[in-house]
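Please go through the structure below with its aromatic contacts, backbone geometry and charged side chains in view. The text takes these topics in turn.

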Amino acid sequence: MITRTRLAAGACALLAALTAGIAFPAPAAAGEPTGEDAPKVNLVLDVSGSMRTRDIDGGTRMAAAKQAFNEVLDATPEEVRLGIRTLGADYPGDDRKTGCKDTAQLYPVGPLDRTEAKTAVATLAPTGWTPIGPALLQAADDLDGGDGSKRIVLISDGEDTCAPLDPCEVAREIAAKGIGLTIDTLGLVPNAKMRQQLSCIAEATGGTYTSIEHTDELTDKVNQLVDRAADPVVTPVATEGADSCAKAPTLKPGLYTDREEFGRQRWYRVDVEPGQELRASVSVGADRAVDPSYGVLLRAVTVHGREIVRGEAAGNGRTDVLSTGLRYPKAQSDEEDAPAETVCLQVTNSFSVAAGVKTTPGLPVELTVDVVDGPSDAGDVASFGLGRGWWLLGALILTGFLAGLLWGWLSRWRFAVWRAN
């Protein structure tokens with residue numbers, strides 16, 4: 001589930017909307033901010049022995065993590081309460097029982113003293129085991145209390161070494177508590193098994209997984225996640241779209257969340273009164289490893305199947321959320337008691353995954369629906385998705401027709417001159 005109305009995601013949806021000649025929806029009535037407590041972020045860093053490996057920009061994985069942490073600490077917003085927890089940082093021995101308890105809070109979650117936090121990070125040296133499961137349990141306890149957003153950012157270069165405590169099951173257990181905690185995972189130079197485990201952890205809590213192979217990628221991603229935590233927390237309303245418009249639920253203005261299977265579609269219905277404008281946007285999250293080149297389509301369709309307007313966006317694997325939006329202004333009616341029009345919203349995706357990647361549950365979908373007073377100018381009403389674009393289309397057709405006539409006449413004249421000579 002995508003559980004944040006983020007400035008970054010909003011900007012992405014706005015860009016997609018403007019590209020289609022539309023505007024991004026105004027804030028929805030449903031999904032109000034929950035509380036005013038400061039947002040909390042716990043950075044969980046793997047400091048196991050494998051972090052000595054030198055394969056990130058010519059340096060060790062540990063050096064890349066330290067550099068990224070220093071830059072992140074400098075850029076952390078003042079309102080964020082940030083902490084740092086380690087795993088595998090203290091016990092260098094071979095006893096599994098002891099090694100699987102090796103997790104500690106390096107810097108407590110609270111107001112950030114950048115100098116103190118950087119000093120703590122500088123002391124780290126790759127040491128022991130990889131107890132991801134125990135570290136996640138402790139990290140969740142570190143964030144206990146308050147109504148603000150809570151986020152764990154796990155950075156690891158290997159899978160958990162403390163089975164049978166499965167980190168994926170731990171993440172599901174944390175999600176089941178209903179405390180609104182999101183776990184994002186970053187894999188340093190990942191292999192297939194690690195990617196699968198970290199993807200599963202993120203998927204369980206509605207977080208994201210990202211593969212990291214360069215220091216600047218690590219810095220940018222952690223900064224993005226910390227900034228995201230500072231945005232207002234909202235509670236989307238869970239809904240379940242149908243496989244056809246006739247069976248679709250009718251939505252009021254608000255923020256909704258759903259799941260959509262790969263390559264499938266979901267339908268929803270919205271009632272629009274004459275003189276009102278429907279504004280809708282959709283964001284689909286890639287919460288596991290997906291193939292590059294994918295797209296999202298949002299269509300407004302009449303109950304009889306005629307397309308009114310559409311919004312679409314394409315991606316190439318560089319982002320973990322793909323967004324698009326649309327607008328449909330319904331013209332005023334001369335009838336005083338004219339009925340509302342039922343508009344069907346269709347959400348379709350073209351994501352795909354490699355063999356071995358789980359396809360269930362479906363991808364997280366966040367749908368924003370708003371109905372506002374429509375434009376005063378009836379000419380703004382969309383026609384087959386073009387709106388005022390019909391004027392431009394007509395001008396282009398006329399220009400092409402005249403250019404064709406002129407070119408044909410010139411060609412005939414040149415041919416006649418050639419024959420005469």
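**Aromatic contact, backbone and charges**

The structure holds one aromatic pair. Tyr294 and Phe351 form this pair, which is stacked, with 4.4 Å from centre to centre and 15° between the planes. Rings of Phe, Tyr and Trp (its six-membered ring) pair if their centres lie within 6.5 Å; planes under 30 degrees apart count as stacked, over 60 as edge-to-face and the rest as tilted. The model is predicted: local features need pLDDT of at least 70, side-chain atom pairs count only at pLDDT 80 or more, and totals for chains, interfaces and linings use all residues. Residues are numbered from 1 along each chain as its sequence is written, and side-chain values use heavy atoms, with hydrogens and water left out.

Helices (H or I, at least four residues) and strands (E, at least two) are DSSP runs, numbered from the N terminus. Tyr294 is buried at 5% relative accessibility, and Phe351 is buried at 4%. Buried means under 20% relative accessible area, exposed over 50%, and partly exposed in between (1.4 Å probe, protein chains only). The areas come from the Shrake-Rupley method with a 1.4 Å probe, and for residues only the protein chains shown count as cover.

The loop between β16 and β17 also contains Pro361. A cis peptide bond joins Thr360 to Pro361, with omega about -5°.

The loop between β12 (276–285) and β13 holds Pro292 and Ser293. Both are exposed: Pro292 has a relative accessibility of 57%, and Ser293 has 57%. The C-alpha atom of Pro292 is 4.9 Å from that of Asn316, 24 residues away along the chain. Ser293 has a phi near 70°, a positive value in a residue other than glycine. Val189, in the loop between β7 (181–188) and α7 (192–205), has a positive phi near 45° and is likewise not glycine. Val189 is partly exposed at 28% relative accessibility.

Which charged side chains meet? A search of the whole structure finds 15 salt bridges, each a side-chain nitrogen of Lys or Arg within 4 Å of a carboxyl oxygen of Asp or Glu. One of them joins Arg172 and Glu169, with the closest N and O atoms 2.6 Å apart. Both residues lie in helix α6 (residues 167–176), three residues apart, about one turn of the helix. Arg172 is partly exposed at 36%, as is Glu169 at 45%. In another bridge, Arg266 and Asp258 have their closest N and O atoms 3.3 Å apart, and both residues are buried.

Glu307 and Arg299 form a salt bridge at 2.8 Å, N to O. Arg299 is buried at 16% relative accessibility. Salt bridges that share partners join Arg299, Glu307, Arg310 and Glu312 into one network.

On the surface, Asp57, Glu71, Glu213, Asp216, Glu217 and Asp220 gather in a patch of negative charge. Patches are made of residues with over 30% relative accessible area and no salt bridge; like charges are joined within 9 Å, and nonpolar side chains (Val, Leu, Ile, Met, Phe, Trp, Tyr) within 5 Å. Lys and Arg count as positive and Asp and Glu as negative, while His and the chain ends are not counted. The place of a charge is taken as NZ of Lys, CZ of Arg, CG of Asp or CD of Glu. Helix α8 (residues 215–229) gives the most to the negative patch, with three residues. Asp220 lies in helix α8 and is exposed, with a relative accessible area of 52%.
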